[in-house]
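Subject: Structure handover

Hello,

Here is the structure you asked to look at. Please open it next to this email and follow along. My notes come after it.

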Amino acid sequence: MLTVDYDRLGVGPGDIVLDLGCGFGRHAFEAARRGAFVVALDAGPDEVAQVRATVGAMVEAGELASDHPATAVQGDALALPFADGTFDRVIASEVLEHIPDDVAAMRELARVLKPGGAMAVTVPRCTLERRLVSAGLEPTGHGHAHGLHSPYWWLRCLVGVSNDAHPAVAAYHKVLVWDIVKSPFVTRAADRLLSPLIGKSLVVYLSKPAVTVSGPPDARPDLPRRVPGRRGPTTPKQGAAA
C-alpha cells in the first residue's frame, strides 16, 4: 500500500529517485517497477538488507531486469552521502517525524534534489509546509492518506496505547492487515472516501525552483558518490537514525 501518488510526483523511466527512510522498501519497489533508478536509504541495517534481498527476488521473478540499477544503502538523513542536485525525485514517507532535527533533514533533501525536481513528503497528520519552504522548496499541492488508520489509533487511545490484546484493537488490526495484503475493493473504496476527511497522513508535494544556466546543458550526473552502483557495493557513511 503506497502513501505517495506516483503519477502526481511524476516518477518515470530513467528518473533518479531517493527513497529516504525506506523501511522495507514499498515505495522504492514501485519506483523501480516504473523504470526509475532507485536509491533506498535507511538508518537500519536490517531494513537495508531486506530491500536488497527483495530487489534480488524481483530480478529472479522477472519483475526487474537483471541489470536494473536499484540499490539500498545505510546512511544518515542529516548528512546524506550524495552530491548536490543528484535526484530527479525524492520520497520521504513517514520518516521526518522520527528525526528530532527535522529541519536539518529537510535542508539535506532540498540539497540533493535537482533544480526543477519534485519531492513528496508524508507524515502523520500535521502541517509541514512552512518548514519545507524554509528549506528552499515550493509546495505544489497536498493531500491526505490512510483514512482507515485514524479510527484504529483513536481506538488505541481509548483502550490504552499499549493494550494490543484488546479484542476491538486486534479485530481492527486484522482489517488493516487484510487491506495492506489483499487491497480488497471495499477497504480501498472506504479509504478513498475517508482520507480527505480523517486521513492519518499528510502528503505534501513540492518542487525545487529551476535555475537558468547559460551555455549547453550539463550531462546527466554520475551515480551518487559513495553509493553502491550496479556492481560491487561500497560502505556508505552511517550516522543518526533516519
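A crossover is right-handed if, with the strands pointing away from the viewer, the path from the first strand over the helix to the second runs clockwise. Helices (H or I, at least four residues) and strands (E, at least two) are DSSP runs, numbered from the N terminus. Now the case here: β1, helix α2 (residues 26–33) and β2 form a right-handed β-α-β unit.

Two notes on the source. This is a predicted model, in which local features need pLDDT of at least 70, side-chain atom pairs count only at pLDDT 80 or more, and totals for chains, interfaces and linings use all residues. Residues are numbered from 1 along each chain as its sequence is written, and side-chain values use heavy atoms, with hydrogens and water left out.

**Strand β1**

Two strands pair if DSSP finds at least two bridges between them. β1 pairs with strand β2 (residues 37–42) in the parallel sense, over 5 bridges. β1 also pairs with β4 in the parallel sense, over 4 bridges. Look at L18. In β2, V39 stands opposite L18. In β4, V90 stands opposite L18.

Next, burial. Buried means under 20% relative accessible area, exposed over 50%, and partly exposed in between (1.4 Å probe, protein chains only). In β1, 5 of its 5 residues are buried. In a regular strand the side chains alternate between the two faces of the sheet. Both faces of β1 are covered: I16, L18 and L20 are buried on one side, V17 and D19 on the other.

**Helix α4**

Why is helix α4 largely enclosed by the rest of the structure? Because 9 of its 11 residues (helix residues 102–112) are buried. Among them are D102, E108 and A110. What covers these buried residues? Contact means heavy atoms within 4.5 Å. The cover includes β1 (16–20), β4 (87–93), β5 (113–124) and α5 (129–134).

**K208**

K208 lies in the segment after β7 (201–207). Lys and Arg count as positive and Asp and Glu as negative; His and the chain ends are not counted. A salt bridge is a side-chain nitrogen of Lys or Arg within 4 Å of a carboxyl oxygen of Asp or Glu. K208 is buried but has no salt bridge. D84, the nearest side chain of opposite charge, is 7.1 Å away.

What lies 2.6 Å from a polar atom of the K208 side chain? The backbone oxygen of A110 does. Leaving aside neighbours within four places in sequence, K208 has contacts that include A110, R111, L113 and L137.

**V204**

V204 sits in strand β7. V204 counts as buried, at 1% relative accessibility. M119 is 85 residues away from V204 along the chain, yet their C-alpha atoms are separated by 8.2 Å. Not counting residues up to four places away in sequence, V204 touches M119, A120, V121, E129, L132, G141 and H142.

**Two positive phi values**

Most residues other than glycine have a negative phi. E94 has a positive phi of about 55° and is not a glycine. E94 is in the loop between β4 and α4. S183 is another non-glycine residue with a positive phi, near 50°. S183 is in the loop between α7 (167–182) and α8 (185–198).

Are these two buried or partly exposed? E94 is buried, with a relative accessible area of 18%. S183 is partly exposed, at 39%.

Best wishes

Methods
A polar contact is a pair of N or O atoms within 3.5 Å; within protein, one must be able to donate a hydrogen and the other to accept it, and residues adjacent in sequence count only if both atoms are side-chain atoms.
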